[in-house]
Every structure is written in C-alpha cells, then in structure tokens.
Amino acid sequence: KVVHCHSHWCWEKSSIIFTSNKTFLEWEALFGNQQRAEAAIDRIVERATIINIQGQSYRVKDKQINAKE
C-alpha cells in the first residue's frame, strides 16, 4: 500500500514510520517506473530520519529456529 496525505498538515504534525526490506534502488519495480519511485522517495526523505538496520530479520531468524524444532 502507498500512503498518501491530502493535507500538508499530515506531514507537519504527525509521525509516519515506513519500513521496507527493499533498497531505494529497488523501488522502481514497486512503483512501476523510475520517475514515480524518485518522486515518492523525494517526498518521503525530505524531512526524514533514515535508520538503516543491517542484519537478519528477527522474524526470519525465529522462523528458521522454529522450523528446526
């Protein structure tokens, strides 16, 4: 799903958390073309704090542990 705020207030007065397992370079496939992906990224990162977490996902790790049991 793509989140769209119709009012400038949404971006100014509230917090939004986006999570993705895709890099920005991979967003072109998600949005259908490079221009749409770049527009979305520009709007999202304009006032963003980006936290890049490296490593294995806890969900994947737990799934692998449970599969072994």
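This section describes the secondary structure, the nonpolar core and the aromatic contacts of a predicted model.

The protein contains 4 helices and 0 strands, and its elements follow the order α-α-α-α from the N terminus. Of its 69 residues, 12% count as buried. The accessible surface amounts to about 7000 Å², and carbon and sulfur atoms account for 52% of that area.

The largest nonpolar core consists of 6 residues, namely Trp27, Phe31, Ala37, Ala40, Ile41 and Ile44. Two or more residues of this core come from each of α2 (27-31) and α3 (34-45). The largest contribution is that of α3, with 4 residues.

Two members of the core, Trp27 and Phe31, also take part in an aromatic cluster together with Phe24. Across the whole structure, 2 aromatic pairs were found. Phenylalanine 24 and tryptophan 27 form an edge-to-face pair, with a centre-to-centre distance of 5.2 Å and 80 degrees between the planes. In the pair of tryptophan 27 and phenylalanine 31, the ring centres are 5.9 Å apart and the planes lie at 35 degrees, so this pair is tilted. Tryptophan 27 and phenylalanine 31 are both part of helix α2, where a separation of 4 residues corresponds to about one turn of the helix.

Tryptophan 27, at 9%, is buried. Phenylalanine 31 has a relative accessible area of 18%; this value is under 20%, so phenylalanine 31 counts as buried.

Note on methods. Residues are numbered from 1 along each chain as its sequence is written. This is a predicted model: local features need pLDDT of at least 70, side-chain atom pairs count only at pLDDT 80 or more; totals for chains, interfaces and linings use all residues. Side-chain values use heavy atoms; hydrogens and water are left out. A nonpolar core is a set of buried Ala, Val, Leu, Ile, Met, Phe, Trp, Tyr and Cys residues joined through side-chain atoms within 4.5 Å. Buried means under 20% relative accessible area, exposed over 50%, partly exposed in between (1.4 Å probe, protein chains only). Accessible areas come from the Shrake-Rupley method with a 1.4 Å probe; for residues, only the protein chains shown count as cover. Rings of Phe, Tyr and Trp (its six-membered ring) pair if their centres lie within 6.5 Å; planes under 30 degrees apart count as stacked, over 60 as edge-to-face and the rest as tilted.
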